[in-house]
Amino acid sequence: MADAPLIPKKARPVKTARTEWRQVVLVCRKCQKKLKGGFGPDGDRPLKKALRKYLKAGKGKKAELAIKETDCFDVCPKGAVVAVNAAEPKALLIVPAGADLFEVKARLGLRDDRRLKAALREAPQ
């Protein structure tokens, strides 16, 4: 039985899933877990959730901005989280706890269209 030739299983076709993502930010899961929050107005949210709320990013495949947790980048800063814009992976951003989210958005090179659209919808006419 050990000498029997391996018969490959029937190959399944490669599929695609469409998204509306225009920008993708990757955030280190390990750094966030170590900090236990540290971002947002009260300093009680992880960077991923604080950025999603600040940028009005939405969730899922229909959002224009995806903020995803990823495995460790092997930078491991103390009291900070590593994040990167997937379109510009040459520069990892080390975000200290309590950092201004406007500065984080600017340093990641994210467009602010979502906040402007939301402000226009909420403005009384």
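## Salt bridges

The structure holds four salt bridges, a salt bridge being a side-chain nitrogen of Lys or Arg within 4 Å of a carboxyl oxygen of Asp or Glu. This is a predicted model, in which local features need pLDDT of at least 70, side-chain atom pairs count only at pLDDT 80 or more, and totals for chains, interfaces and linings use all residues. Residues are numbered from 1 along each chain as its sequence is written, and side-chain values use heavy atoms, with hydrogens and water left out.

One of the salt bridges joins the side chains of Arg-22 and Glu-64 (3.9 Å, N to O). Arg-22 lies in the segment before β1 (23-28) and Glu-64 in the loop between α2 and β2 (65-70), so the pair ties together parts that are 42 residues apart in sequence. Helices (H or I, at least four residues) and strands (E, at least two) are DSSP runs, numbered from the N terminus.

## A network around Arg-29

Arg-29, Glu-69 and Asp-71 are linked in a network of salt bridges. Glu-69 meets Arg-29 at 3.7 Å, N to O. Because Glu-69 lies in strand β2 and Arg-29 in helix α1 (residues 29-35), this pair ties together parts that are 40 residues apart in sequence.

Arg-29 also meets Asp-71, at 3.1 Å, N to O. Asp-71 lies in the loop between β2 and β3 (80-85), so its pairing with Arg-29 in helix α1 ties together parts 42 residues apart in sequence.

## Helix α2

Six of the eight residues of helix α2 (residues 47-54) are buried, where buried means under 20% relative accessible area, exposed over 50%, and partly exposed in between (1.4 Å probe, protein chains only). Among the buried residues are Leu-47, Ala-50 and Tyr-54. Lys-56, which follows α2, has a positive phi, near 50°.
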